[in-house]
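User: I would like to learn how to read strand pairing and salt bridges in a model. Can you take me through a case?

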Amino acid sequence: MLRGATRVAASGRVVAGRRLFSQTARGRATSQRFATSLALASTSAAAAGAVWYATNAQNPIQNDAPTNPETPSKVASGNGRSADGGLSTLVWGANKTHVLNDDLPEAVRVPTSSEWFENVALRDLGLHEHHAACVDARGDVYQWGDGFFGSDSEPGSSHGKPRLTLRGKNITQLQLTRSRVFALSASGRIYVLSSRQADQTLPAGAQTPASTPWWGTGWLWGEEEEVDFVEITPNEHLKRRERFVQISAGTDHMLAVTSEGRTFAHPITLNANSHGQLGFRKCDVPSPVDLAHFHLPHKHPRVPLELTPKSIADPYAKASPAVRPATSAPRKNEALIGKEAVAAGLDDSNIRFSDRLFEVPALQGLKVDRVAAGGRSSFVKTAAGKVLGWGANEFGQIGLGANVTLETITVPTEVILWRTTPATMRTTCVGVFAGGDLTMFQVERSDGSGMPYIDVLACGNGQYGGLGNALYANAQSTPVRAKNVSGLYEYSELSKNLQAIAPETISISPTGHVLLTLDTRKHAGPGGGGKDVMAWGANFDYQLGNGKRGSLPTPTVLLSPEGERFMLHRQRAQEVRDLQGQVWKKGVDVEQRAVAGWNNSVVYWRICS
């Protein structure tokens, strides 16, 4: 029994063993097939990852990348020059108000071509926060941007493209403010337009500006206009053949200099002299009740205006602990603009609020060759290489040194630019530039024993690194030397010795970034390259063009998307078109010019004068 039972049990174990063996073999086969499939899937994923990395290694995705990055077809492949010799305008930075292009995203990380300006060379271009304007090759003014078209315009529509506003005036220079566009013609006339399209509409039955006075013959010469504009004239007659040659506008005021070196100022709004930036207090403006009949030839009544700086009207405004009512209108206070102006009910939103320029009394008899207007400050450079400044000085933007702590300078005062130099060093200012609360001076230094060199000095608000001295400072009253752009030399093929490298232009944005063009081509000789662009300062909206968000306190060479030096060139264009798409001329000499706007930057082709 035991043997039989043992035999049966053994048989049972064998059968059971066979059955178990059979199930184990199937399980092992299934496991092998699963492992093989998993290995193949892992190999495929690894191969796909290798292909993806090889394809996208040149364009890594950053953590702060925008949700709608630029398409590769629009990113500039060069420095604005195409292979067929065409012209291309490059833009980058903030595009929230569509001042760069309607089809581009709100943040353009790197220099990108703008389709609006293909094969177009301009005379001048200006950028503001909500609107922009330019002068094409024919001397006509075009305007665009959300602030110009209003809320009715749609991105990508034809309404968002640059629109012709002022034509036939042969404009050479533009200056933009929040509510105005100032245009200087080749003949020295200054015109002003509204920055909003809705405010440019002529009333029904009103005379056009080109046909004023009422017997004008604008219709005969095809100069009839559909856009309202005003010509600003000086309060006194200019000398024979004297004309305005340069204008510069701040936030609420504008400066102009004539061919004889006389300096004039223009109040744009009632806040034009809040910090003494006009250089005078008393002026007069047209009466508001007479603006509807302004085109008629009779004598217009005028309202005396006394624009008193805030620091003089209320010296203890910041020191007094008294709480001022929030509903008060400080600009229309009698202490600020005068009793007659308050009674007249002046409206400074109208382009006819002020129609005259007034000569700065303290500068009479002083020959000035350049003016520069900051946000609330003013500067002039004399023919002898001296600089005078006045206006707001809270951040030291006038550059008067640490011993001057006044927040308002109401009288033009000379800026000392040789404080930290030896007594034998001679300093001459060759250029002054201002924007917002930042000021820069281009000076030439020489001690008579060596080669002269060029320094770039900066003062004012450098909290975003705009001073260029590798520091972030909210206030800098003593002009400091900007690094990497001062004291530079290069070998001249023509003179066979070292020559100083001078900045050609400096463009300062009201929002804190700077674009400086070094004239590295002047002494390069035959076949020389272009001009280097140095960028530094605020960079919250990619306005420095390096694809990153991070301010730079030191001037840095701007690089192209390919990693090469971004250089501005000069060439002879095969053809130049206007903004209507028509060929203006062929074989025109053009050069690239860099402009710093409101949190954005543009490099456009400019017609050489």
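Predicted model: local features only at pLDDT ≥ 70, side-chain atom pairs only at ≥ 80, totals over all residues.

User: In what order do the four strands of the open sheet lie?

Analyst: Strands are DSSP runs of E, at least two residues, numbered from the N terminus. Two of them pair if DSSP finds at least two bridges between them. Here the order is β3-β4-β5-β6, with antiparallel pairing. β3 (124–127) and β6 (163–166) are the edge strands, each pairing on one side only.

User: How many bridges join β4 to β5?

Analyst: Four, between residues 132–135 and residues 141–144. Cysteine 134 has tyrosine 142 in β5 as its bridge partner.

User: How many salt bridges does a search of the whole structure find?

Analyst: A salt bridge puts a side-chain nitrogen of Lys or Arg within 4 Å of a carboxyl oxygen of Asp or Glu. The search finds 23. In one of them, glutamate 504 and lysine 531 have their closest N and O atoms 2.5 Å apart. This pair links strand β27 (residues 503–508) to strand β29 (residues 531–537), 27 residues apart.

User: Is lysine 531 buried or exposed?

Analyst: Buried means under 20% relative accessible area, exposed over 50%, partly exposed in between (1.4 Å probe, protein chains only). Lysine 531 is buried, at 10%. Glutamate 504 is partly exposed, at 28%.

Terms used: Residues numbered from 1 in each chain as written. Heavy atoms only, no water.
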